[in-house]
Amino acid sequence: MLPVSILSLATQTPPNILPQEEAIATARTLIGGHFADFERLAAVYTNAGVHTRQLARPVAWYRQERSFAERSAVYLEVALDLWVAAAEQALAQADLRADQVDTIVTVSSTGIATPSLEARAMARMLFRTDVVRVPVFGLGCAGGTTGLGLASKLARATPGSHVLFVTVELCSMALRTDRADKADIVSTALFGDGAAACVLRSGEGGFAQITASAEKTWPDTLDIMGWQAEPTGLGVVLNRAIPAFARQEMRQAMEEMLAPQGLRIDDVDRFICHPGGAKVVDALESALALNQGALVKEREVLRDHGNMSAPTVLFVLDRYRQEGLPPLCVMSALGPGFTASSLTLRCAA
């Protein structure tokens, strides 16, 4: 079986920067009055591991209640801009034109776009009219890993074809000001907006080859993470038990995902993890028996961008590849389902 090469990797964020100090002050104004225990829980802002993040709109935009239509309009505008910017950068890195792309996979769960984002991008990029479009919704934080795995399978199925994978999330569109609960406080301390894109092709080349992908979904865990439909848009579902769940379950899940490849956890030179939050990163290090602080780039991305949902793990991969990837890496992420997703990478260099 031919490996699938990652020819390029590009990341993008919107221009509106929100320092964590301003985030807590804004949250205190917006939702502090709706939640009696706000001050008691405000320590989550200092413990989240986030120093700054980037948002789709300036912070003043979020200080007013927004309708679902207003949130959707921003999603269609900003998500498309980020999609195009990331895609153009990824194609330029791969030295390809848009009309050389055979398949486009788009992963996004923070807004609804029908026609989907890649269809809208065709008005701005010169993709062929017969390009295959694969929009994917609902993967949440696991979308970067799961989506890239799906893109690799499509590339492997058609040797020589070029697959463009783009993931974009605007988590800030889920901010609720009319009412609030603990999940909203955590989300305002943690989440940001961003996008990432890769170009894939079967065969040798690029900076890494994808040799396998795997998933594990636990039964009866639908309430751990996701969205719920509300009059003003999508409201976050975020269970406080996620770090404990990761610490307890992730090692066995990783063993099960690696076993069909003839691999064990000890065979992996580098784990590249989605940094769901500071406590989740700590839990993953514990579960995978890594040295404390081993997931250094995960903490850096969380510090600089917050949790951007699906694109975040690709930001982490980008930082590790800049310093040089070891021979065997495994990307992993946890997302709604509740699902663990993994991707096995062999370094090309």
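Q: Which residues does Lys297 touch, not counting residues up to four places away in sequence?
A: Lys297 touches Val316, Arg319, Tyr320 and Glu323, where contact means heavy atoms within 4.5 Å. The model is a predicted one, in which local features need pLDDT of at least 70 and side-chain atom pairs count only at pLDDT 80 or more, while totals for chains, interfaces and linings use all residues. Residues are numbered from 1 along each chain as its sequence is written, and side-chain values use heavy atoms, with hydrogens and water left out.

Q: Why is Lys297 called buried?
A: Lys297, which lies in helix α10, has a relative accessible area of 14%, and buried means under 20% (exposed is over 50%, partly exposed in between, with a 1.4 Å probe and protein chains only). Lys297 therefore counts as buried.

Q: What makes His305 count as buried, and which residues is it in contact with beyond its neighbours within four places in sequence?
A: His305, also placed in helix α10, has 13% relative accessibility and so counts as buried. Leaving aside those neighbours, His305 is in contact with Thr13, Thr52, Arg53, Gln54, Gly192, Phe315 and Arg319.

Q: Why are α10 and α11 called oblique to each other?
A: The axes of helix α10 (residues 296–305) and helix α11 (residues 312–323) come within 9 Å and cross at roughly 125°; axes are lines fitted to C-alpha atoms, for helices over the stretch in contact, and angles run from 0 to 180 degrees between N-to-C directions. Angles under 35 degrees count as roughly parallel, over 145 as roughly antiparallel and 65 to 115 as roughly perpendicular, with the rest oblique, and α10 and α11 are therefore oblique.

Q: Which residues make the contact of α10 with α11, and how do they divide?
A: Helix α10 contributes Val296, Lys297, Glu298, Glu300, Val301, Arg303, Asp304 and His305, and helix α11 contributes Thr312, Phe315, Val316, Arg319, Tyr320 and Glu323. These residues divide into five nonpolar, two polar and seven charged, with Ala, Val, Leu, Ile, Met, Phe, Trp, Tyr, Cys and Pro taken as nonpolar, Asp, Glu, Lys and Arg as charged, and the others, Gly among them, as polar.

Q: What makes strand β13 largely enclosed by the rest of the structure?
A: Seven of the nine residues of β13 (residues 339–347) are buried, so the strand is largely enclosed. Helices (H or I, at least four residues) and strands (E, at least two) are DSSP runs, numbered from the N terminus.

Q: How do you know that β13 pairs with β8 and with β12?
A: Two strands pair if DSSP finds at least two bridges between them; β8 (residues 208–217) and β13 have nine, in the antiparallel sense, and β12 (residues 328–335) and β13 have eight, also antiparallel. In β13, Cys347 is the bridge partner of Ala208, Leu343 stands opposite Ser213, and Thr339 is the bridge partner of Gly335. Strands β12 and β13 form a hairpin with three residues between them, and Gly337 in the turn has a positive phi of about 155°.

Q: What makes β5 and β11 the edge strands of the sheet?
A: Nine strands form an open sheet of mixed pairing, in the order β5-β4-β6-β7-β1-β8-β13-β12-β11. Strands β5 (132–136) and β11 (270–273) each pair on one side only. From one strand to the next, the twist averages 25°.
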